[in-house]
Amino acid sequence: MTTPDIERRGAAGGLRASGRTLTGYAAVFGQETRIGGFTERIRPGAFSKSLASGRDILALLDHRADALLGRTKSGTLKLFEDDKGLAFELRLPDTQAGRDLVALAERGDVGGMSFGFIAEDEAWNGETRELRQVDLREISVVQAFPAYQQTEISLRNKPAELSFWESGDVRGMWLETCR
């Protein structure tokens with residue numbers, strides 16, 4: 001059995017810095033986002049199972065495993081759902097990446113947030129995908145290019161495979177995910 005690929009979506013804006021702590025939203029509920037040839041939205045409660053599991057969820061810089069910023073297991077990352085979406089509080093480390101991020105956040109130069117997930121329960125209605133339950137693996141601070149600013153969701157990390165373009169399967173192109 002193969003492990004499902006992790007998908008990543010980004011969120012622009014809403015990131016706040018206070019000293020060495022970042023707060024904001026890694027995902028927003030109910031906002032429709034255009035991703036290639038389909039629309040996607042996240043249902044309220046989509047992260048509840050992951051958050052209740054107690055599994056360690058990481059905070060990364062630009063989805064890079066070598067740029068760890070915090071984790072739920074140590075308490076340096078706190079995640080919770082509210083009416084708006086997946087909120088977070090991240091105490092940044094005293095590392096080069098952490099210090100650089102503080103400097104960028106203080107200047108307002110940080111692009112936004114993103115999250116890595118595996119869809120556990122989704123529903124399609126025509127060309128609209130609703131994420132009902134996701135297995136949250138990580139959130140990431142995105143330094144640049146958090147696309148789809150009007151919805152605060154959807155950043156791609158991996159270019160589409162040419163075969164999807166050739167076949168005309170736009171849905172498959174955007175569902176091709178990062179490993």
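Tutor: Helices and strands are DSSP runs, numbered from the N terminus; a strand needs at least two residues. Keep in mind that this is a predicted model. Thr39, for example, lies in strand S5, which covers residues 38-42.

Student: How many helices and strands does the protein chain have?

Tutor: The protein chain has 4 helices and 11 strands.

Student: Is Thr39 buried or exposed?

Tutor: The idea is to look at relative accessible area: buried means under 20% and exposed means over 50%. Thr39 has 11% relative accessibility, so it counts as buried.

Student: Which residues is Thr39 in contact with, leaving aside its neighbours within four places in sequence?

Tutor: Thr39 is in contact with Glu32, Thr33 and Arg34, and also with Glu127, Thr128 and Arg129. For the protein chain, take the contacts with a separation of 6 or more: residues 24 or more positions apart account for 66% of them.

Student: How do I check the length of a helix?

Tutor: Multiply 1.5 Å by one less than the number of residues. Helix H2 has 12 residues (96-107) and should span 16 Å; the C-alpha atoms at its ends are 17 Å apart, which agrees.

Student: Which residues of H2 are buried?

Tutor: Gly98, Leu101, Val102 and Ala105 are the buried ones. Looking down the axis of H2, you find its buried residues within an arc of 105 degrees, so they line one face of the helix. After H2 comes Gly108, with a positive phi near 80 degrees.

Student: What about positive phi in residues other than glycine?

Tutor: Asp62 is not a glycine, yet its phi is positive, about 55 degrees. His63 is not a glycine either, and its positive phi is about 65 degrees. Asp62 counts as partly exposed because its relative accessibility is 25%, whereas His63 is buried, with a relative accessible area of 10%.

Student: And how should I think about the protein's interior?

Tutor: In soluble globular proteins, nonpolar side chains tend to be buried together. Here, the largest nonpolar core has 30 residues, and Phe47, Leu90, Ile139 and Val141 have the most contacts inside it. Elements that each supply at least two residues of this core include H2, strand S3 (21-28) and strand S10 (112-125). Strand S11 gives the most, with 5 residues.

Student: What share of the 179 residues in the protein chain is buried?

Tutor: Buried residues make up 45% of them. As for the surface, the protein chain exposes about 8900 Å², and carbon and sulfur atoms supply 49% of it.

Notes. Residues numbered from 1 in each chain as written. Predicted model: local features only at pLDDT ≥ 70, side-chain atom pairs only at ≥ 80, totals over all residues. Heavy atoms only, no water. Buried < 20%, exposed > 50% of the residue type's maximum accessible area, 1.4 Å probe, protein only. Arc of directions from axis to C-beta. Contact = heavy atoms within 4.5 Å. Areas by Shrake-Rupley, 256 points an atom, 1.4 Å probe, with all protein chains shown as cover. Core = buried A, V, L, I, M, F, W, Y, C linked by side-chain atoms within 4.5 Å.
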